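Hello,

Here is the structure I promised to pass on to you. Please open it alongside this note, and my findings follow below.

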Amino acid sequence: MCATCGCGGDSAAMITVLRDQPHEHDQHHHEHEHHQGHGHYHEHDDPHGHDHDHADHVHVPVTETVTLEQKVLAKNDRLAQHNRERLRRSGIVALNITSSPGAGKTTLLERTLGDLDDRPVAVIEGDQETLLDAERIKATGCRVVQINTGSGCHLDAEMLRHALDELDPAPGTLLFIENVGNLVCPALFDLGELAKVVVFSVTEGTDKPLKYPHMFAAADLVVVNKIDLIPYVDFDLTRCAEYAHSINPGVPILPVSAITGEGLPSWYAWISGQLSPPSASLEEATTPA
């Protein structure tokens, strides 16, 4: 079990490529299906080699937990930096989309993919189980791979590396990474993305930023979805923005409705602001490191 987040470390991350035709990487697919441990260490051996009277040594588990967490995050950060350099060299803009379950990030992506048509786009889907969201993305015509984390509650940098190997996005691609629905652990795990986007819906309450401060502190953008439901729920957008800014001053906050389209032009404008011109990205991708 991962001491950093409590997710099960014994289950494999299954990476599935959705495609209609055979792919040259099929022969290597088995390697990714046996990716173990989500990039975590699992050092649980007693460092003293004897039984403890925990009444006398209550400080030991605390020290071990902190050390293990540092090792887990340090390894992930090293892998994330490799991912970041890899993406930069190819001119790929990666956006890590996070939310709690049911906030509407898949619906937002579906709408976005249908409206953005001037640049190659690809998606990496993260869920504990099923291919349901990946099938929805594939139906838009977008290239997609699915990562199933089993009992894991977040994506990590090593999972992203394997997914990039399978997806093999073209230089200049806009890459959306839909993280597992969770507002806790994804805040800790850098994937190598350019920006982290937090999506939450008005049905989740005005005080969401206060309840999950680490996630909102890590956000480069906050998207408040389902604003078409504001007349029917107890939600104060002004107070919510104040709460978010008390944790992350200056973070952009975009109220949108993925269903009605309200506010989406501002979302698309923000995305455009993250993109360099495709020609510049392609030139960088062909420049020797």
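**Salt bridges, a helix face and a buried Asn**

R88 and E85 sit together in helix α2 (residues 59-89), 3 residues apart, which is about one turn of the helix. Helices here are DSSP runs of H or I with at least four residues, strands are runs of E with at least two, and both are numbered from the N terminus.

Before going further, please keep in mind that this is a predicted model: local features need pLDDT of at least 70, side-chain atom pairs count only at pLDDT 80 or more, and totals for chains, interfaces and linings use all residues. Residues are numbered from 1 along each chain as its sequence is written, and side-chain values use heavy atoms, with hydrogens and water left out.

**Charged pairs**

The side chains of R88 and E85 form a salt bridge, with N to O at 3.2 Å. (A salt bridge is a side-chain nitrogen of Lys or Arg within 4 Å of a carboxyl oxygen of Asp or Glu.) R88 is partly exposed at 42% relative accessibility, and E85 is partly exposed too, at 29%. For these labels, buried means under 20% relative accessible area, exposed means over 50%, and partly exposed is in between, using a 1.4 Å probe and protein chains only.

Helix α5 (residues 157-167) holds another such pair, R161 and E158, 3 residues apart and so separated by about one helical turn. Their closest N and O atoms are 3.7 Å apart. Here R161 is partly exposed at 30%, whereas E158 is buried at 14%. As background, an α-helix has 3.6 residues a turn, so residues three or four places apart point the same way.

Which parts of the chain does the pair E178 and K105 link? The side chains of E178 and K105 meet in a salt bridge at 3.9 Å, N to O. This pair joins distant parts of the chain, with E178 in strand β5 and K105 in helix α3, 73 residues apart. E178 is buried at 2% relative accessibility, and K105 is buried at 7%.

E110, D133 and R136 are also connected, in a network of salt bridges. Over the whole structure, the search finds 11 salt bridges.

**Helix α9 and its surroundings**

In α9 (residues 264-274), the buried residues are L264, W267, Y268, W270 and I271. Viewed down the axis of α9, they fall within an arc of 155°, so they line one face of the helix; the arc is taken from the directions from the helix axis to the C-beta atoms. On the face turned away from the buried side, α9 carries the exposed residues P265 and G273.

The cover over the buried residues of α9 includes β2 (93-99), α3 (105-115), β5 (174-178), β6 (195-201), β7 (221-225) and β8 (253-255). Contact here means heavy atoms within 4.5 Å. From α3, L108, R111, T112 and D115 meet L264, W267, Y268 and I271 of α9.

**A buried Asn**

N148 lies in strand β4 (residues 143-148) and is buried, with a relative accessible area of 9%. Which backbone oxygens lie by the side chain of N148? The backbone oxygen of D127 is 3.3 Å from a polar atom of the N148 side chain, and the side chain also reaches the backbone oxygen of T130 at 3.0 Å.

Definitions and conventions. A polar contact is a pair of N or O atoms within 3.5 Å; within protein, one must be able to donate a hydrogen and the other to accept it, and residues adjacent in sequence count only if both atoms are side-chain atoms.
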